[in-house]
Each structure stands twice: as C-alpha cells, then as structure tokens.
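Please check each point against the structure as you go.

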Amino acid sequence: MTFTLESFDRNKREAIEQFDQLLLTYQDMGMAAEVAAISEIKKQLLEERFLITVVGEFSRGKSMFINALLGKKVLPSNAVPTTTVLNIIEYAKDPYYRLHYLDPARPSEIISEKSFMELVAPMESIKGNTDSELEYERALGKIKSIRHAEIGYPLEFCRHGVQLLDTPGTNELDPVREQITNRIIPQSDAAILILSAVKILSDSEMSFIRDRLLASDIQKVFIVINFKDQLGSKENEEKILAYARTHLESVLGNPRLYMVSAKEALNAKRAAAGETLVIRGRPMATWPMNETGLPELEMELSDFLQYDRGAVKLGKPVRQALRSIAEISDRQLKVEKRALTRNIANLKEKVQAFRPKLSKAVDSGNAALRKFEQEMKKEEESIFRWYEQELQALYAGGMAIFDVNRHRNTDFINRAVESEIAPRERELHLERKQRIADSVKAALERSGGELIQMMQGLQTELEEIVGQEETPSAGKQELALLGNNSPQESSFFEDIFNELETAWESRTSVIAKAIIGTGMVLTAVAGSLAFLFNRLFRQEDPKEKLKKQLAEQFNQSRKAKISGFDMEWNGVHQAVRESIRKNVNHKVRQIEDQLRKLETSAGLEQHEIESKLDLLGRQERKLQQIRTNLEKLVGGLSDSSRVGAKV
Ligand SMILES: Nc1nc2c(ncn2[C@@H]2O[C@H](COP(=O)(O)OP(=O)(O)O)[C@@H](O)[C@H]2O)c(=O)[nH]1
Ligand SMILES: [Mg+2]
C-alpha cells in the first residue's frame, strides 16, 4: 500500500481532540456562544474530504487508471469511447450505484451494477441504421438527464475520506471542458491529467493545458502518461518522456510527470490481492508492481494531499479556534476577573441597565440585513448586465472566427474557434468570480458599517462596567482597539471576506456550498455534442451544418452560463446573508454570556470569590494549554521536515 493519509489523519485526530477539550472547557465556563462556534468548526473539519479528479480526452484510460488506483474494476473501461457521465467514487461498506438527476424535483435513485454499466457504456449506433441511431439517442437522452453518478464501494483507497471523480472525456469546443477547468478542478484537491504514450500531447491536449487550465490550479495537476506497456523499450519511454517534458515546460514550468501502465498496475494489484487472472483459459503473467509506474505516483500524490492540501484543510479550523481562545482569554476572562477582584459598586444595577442595549443591537443587525438586501439588488442589476454583454461578445468572436476560416477544413476551424474562445472564457470566468466577490463586499461595506460600530461599542461599554485595566500600557492597547483598523472590528466580517476569496476553491465553507451546486451541472450540456454530430453530419453542406452546430452550441452554453451565474449569485447572496445573521447572533450571545457572568459575580461572598478565581485560573491554564497544542499543530503543518519533502 503506497498511498496513505496516515500523517494527515494523525494531525486531524489531534485537532479534533483539542477541539473536544476546548468544547468541554467552554462548557464548564458557561460560554454558550463559543460552544456553538467550536462545534461548527469541528463539524466542518469532520466533513472534509480529499477530492481527486481525473481528466483527459476520450480513451486515454481514465477509467482504467481509476480502477488501478482502487485495485478493483469498479468502472467500465472500454475500447469504444464511453459516454459522458460524471462519476464520484467514495467509500461505503456495502457497494451501491446511485444516480443524481439534473431535475432537482427528481429524487436520486439506486440502480444495479448491471444497469449502471449499461448506462455509461451504451452500444454505439450503426451509422445509417435509423433504429440503432434512435436507440443510441434514447440512451444519450437518459444520460443527459443525469447530474452525476455516485458509486459507493468498500475501497481501502477511499477509506479515509478520499473521493475520486471520473470526468467525461472531452475534445476541443466541448462545453464540458470549460466546466472541468473552471469549476471542477478548482474545487478538487488534486487533478490527474491522463495522456496516452501512443498519442502523446495532441494539439487539443496542449490547448487544454495552455488555454483552459487556470494558473492558480497548475500546481495541483499531476500529468500521467498512460499506456507504458505499449512502448516496448526503455528508450522509447525516455523519448516520450523527454518529448512531453519539453512541450509542457513552457506552459507548466516544472510539471509533475509520471509514466504508468494503468492496465498492468490494475492487474498487479488484483494478483497481489489473491485474484487468479486468466487470459484465454491460461494464467496471465503480471508485471511487478514497481514496473507499472504507479507506486511512485501514489507516493507523491499522498504527500501532496497530506502536506500541501492537508495544511490548508487543518490550518483554517485550527486558526479559527485559536482566534476564539484569544478572544476569550485575552478579553472576556479579564473582564470577569476584574469584576471579581474589584468591589464594583452597583454591579447588578449596571448590568440591568446594560441589557436593553442588547436588543438594540439585535435591531441594528436586522436593519443592516435589510440594507444589505437593498445594496445587493443594486449590485445585481449591473453585474448581470455586464455578464450578458461579455457572453454576447465572446460568442460573436467565436462566430467571426468561423466566418474568416469557413473555406478551411473542419478540424482547422474547430481549432481556430477553440483558440479564440478558450482563453477568453477563462478570463471571463476569473473576472466573474472576482466581480461577484467584489460586489458582495461592496454591499457588505455599505450596509455593515453602523452595525460594526455598534457591536464594537457594546463590547467596550461592557468592559467599562468593570473599569479600565490598571497597567498604563494595557490602557493604551485598549485605546488602540477603538481605532478604525482594530483587530476586533475587522474580524466581525473578516470570516465572510475571507470566504468570499476562497469559496470557489473550497467545498466545505457555507459560501462554497452555495457555489458547488453550479459546479456539478456538467452533463446539462455534455452529450449534446455527440447528439448533434450523429445527425447533422449526414446532411448536404457540412460547413453550413457546422455553423449551425456552433451557433446552437454557443446558444446552449450561454444559457447554461447565465443560469449558472444566476444560481451562483443567489447562492452566494443567501450564504452571506446567513453569515451576517450568524455573526450578529454570535456576538449577541457572547455579550449575554458575559453579562450573566457579571451578574453571578455580583452576588458572591468573599470565600466564594476566592474559589471562583481559583476555578477561573484553572480554566485559563487549560485554555492556555489547548492554545499551545494548537499552535504547535499549525506550526508543524507548514514544517518542511516531512518525509520525502520536495525542495
Ligand atoms: N494496453 C493498455 N490499454 C489500456 C491502458 N489503459 C486503458 N487501456 C485501454 O484503453 C481503452 C480506453 O480505456 P478507458 O479507461 O475506457 O478510457 P477513458 O475513456 O479515458 O475512460 C480500453 O480499451 C482500455 O482497456 C493501459 O495502460 N494499457
Ligand atoms: Mg471512462
């Protein structure tokens, strides 16, 4: 077993252990608001998965490669190009195949393994035979209604939260390409691009890498040259590798490059697992695992997931917990201690007088939400107008290229249109993402200012009930906190701002979840191409047909993009609204927790105060200990001392 997530699992268990300790401590301390917040962080960490996406053109061996990773023939792998269904494979104790449909009203459905195999690999139509073409189109029609297939299987490879995504094969101008590069790869932890050693780096593959892959994703791409077993000699292998390296370096810098035989790797794993493999009635000779090229790739893939991606997955929740501990021990505990040690006159009355301010804070939160809605309406109009214009221009550009080149052959035209469209589609995607984030931030800034001031003021006023810190230096710090850029102030919306920056590359945050729905709508346009190709190319003037086909495809793509944009905008809008509500609630509950403590401490006798201070001291030390452990954990995540670390 060369693929492992052991080190990540250890760190994750440690983080969960510390979160549990923290939850117990907060419970002891009566910090209800923090208990809720940390539970949420813990839940998100437990939901984390590693998503490995496998991409490549038809018949490069994507399905075979996935089977090789899994050591089992889970996916059909076919000489005839199989049709386009997005398959997600994950761990399950008992195997199942489930279809998720595009129509949100249609419930998902478990189907048998046999029906699944038939569905993803329908019989090719016989050209010119109407019955067979109709049958094929019916099969494609069924595929087009599917959002994706989910396959659960008792696989060691997936046991610790690894999901594998088998994507449909694509060619130039296939709308699916855009979605794979702009949606699916960004949300994946690693992408494996499968090439074939016997058809190394077609123009279409080069343009996929050059014009479609996002620069931000290039470091997570593993390039696998499959069909090693077809090369015959070490010299040939070297030649192909050198060729691929030279051509990829200009685009990818220093690409991770591997040569494998997916077929031999699968056989080797099956044989190692005790299966007897036979070919034409005789036992089959299998390659030694090491010669298949797979173990090397598995090792580097594990390292990348465990350390690079793992650091991101663990770093975020651990830092959030550390911020919570800092807020509690550096501010709230101090307030409580001051209340206990300084005999404050009329403490109970002061707390009573403070309470009505809390409901004013709630009102202010609601007002901010209403204002946010109005601001978003304004943003919405202009951002939609902008997007529609851009799409118009994009496809008009594509059609213009067709017109200029209409005397050339079909392949040439396809390539020319693809090289016109692909880079612009990519830029548009990046700009769309940035504009959505900027619009939401602008709306948030215009609607949240008063709210932040109010919340900030409340905390300060509450602290004033128990008086200022005694040491002069601490007093100065307190003053600085009231400044415009104080850490407290910015942190009120900071998490939302951060999420807006990273949501497109994540799958677990609230905003990311709002975006995902749109990312998996692959098959809406997939299959449509095959459908069109089959029928249209029989007709008289192929150029006219090609033009119509392009226009139809652009039209479909435009519609799909606009509806995706609509879903994404509304999803982000709703997610941010919920986050604002959550932040307000959290702050209000925090203040309620503090008020309750002040009230309790007001009624205490001297000996009770002493034992309370004792308890507070113990809780503070406990928090300190958790803080140290968590800091050590984050420190270790960025440590390069890992085994096999690459420089
Ligand atoms: N000789 C050989 N054949 C392979 C290898 N990988 C895949 N194939 C064959 O190539 C064809 C396409 O493979 P498949 O996994 O369906 O490709 P996909 O369309 O990219 O998913 C099938 O006939 C496979 O048996 C390999 O490493 N060596
Ligand atoms: Mg396949």
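1. I begin with helix α4 (residues 113-120), which lies across β2 (87-91), β3 (96-101), β4 and β5 (146-153), and which runs at about 50° to β3. Contact here means heavy atoms within 4.5 Å; axes are lines fitted to C-alpha atoms, for helices over the stretch in contact, and angles run from 0 to 180 degrees between N-to-C directions. Helices (H or I, at least four residues) and strands (E, at least two) are DSSP runs, numbered from the N terminus.

2. As to the basis of these notes, this is a predicted model, in which local features need pLDDT of at least 70 and side-chain atom pairs count only at pLDDT 80 or more, while totals for chains, interfaces and linings use all residues. Residues are numbered from 1 along each chain as its sequence is written, chains are lettered from A and ligands numbered from 1 in the order in which they are written, and side-chain values use heavy atoms, with hydrogens and water left out.

3. The sheet is open and is formed by 9 strands in the order β4-β3-β5-β2-β6-β1-β7-β8-β9, with mixed pairing, where two strands pair if DSSP finds at least two bridges between them. β4 (109-111) and β9 (256-259) stand at the edges with a single partner strand each, so one side of each is left without a neighbour in the sheet. From one strand to the next, the twist averages 25°.

4. Ile223 has Leu257 as its bridge partner in β9.

5. Helix α1 (residues 6-29) packs against helix α10 (residues 294-341) at an angle of about 15°, the axes being 11 Å apart; the two are therefore roughly parallel to each other, a term for angles under 35 degrees, with those over 145 counted as roughly antiparallel, 65 to 115 as roughly perpendicular and the rest as oblique. The crossing of α1 and α10 is left-handed, that is, the near helix is turned anticlockwise from the far one by less than a right angle. The contact includes Phe8, Phe19 and Tyr26 of α1 and Leu314, Pro317 and Ile325 of α10. By class, the contact of α1 with α10 has 14 nonpolar, 5 polar and 3 charged residues.

6. Ser7, found in helix α1, counts as buried because its relative accessibility is 11%; buried means under 20% relative accessible area, exposed over 50% and partly exposed in between (1.4 Å probe, protein chains only). Residues up to four places away in sequence aside, Ser7 touches Gln306 and Tyr307.

7. Helix α3 (residues 62-70) and helix α9 (residues 262-272) pack at about 30°, with their axes 8 Å apart, and are therefore roughly parallel to each other. α3 passes α9 in a left-handed crossing. Among the residues of this contact are Met64 and Phe65 of α3 and Ala265 and Leu266 of α9.

8. The axes of helix α11 (residues 347-404) and helix α12 (residues 410-465) come within 9 Å and cross at roughly 170°, which makes α11 roughly antiparallel to α12. The contact of α11 with α12 divides into 32 nonpolar, 6 polar and 15 charged residues.

9. Finally, Pro288 lies in the loop between β11 (282-283) and α10 and, at 44% relative accessibility, counts as partly exposed. Pro288 and Ala268 are 20 residues apart in sequence and 6.6 Å apart in space, C-alpha to C-alpha.

Definitions and conventions. Ala, Val, Leu, Ile, Met, Phe, Trp, Tyr, Cys and Pro count as nonpolar, Asp, Glu, Lys and Arg as charged, and the others, Gly among them, as polar.
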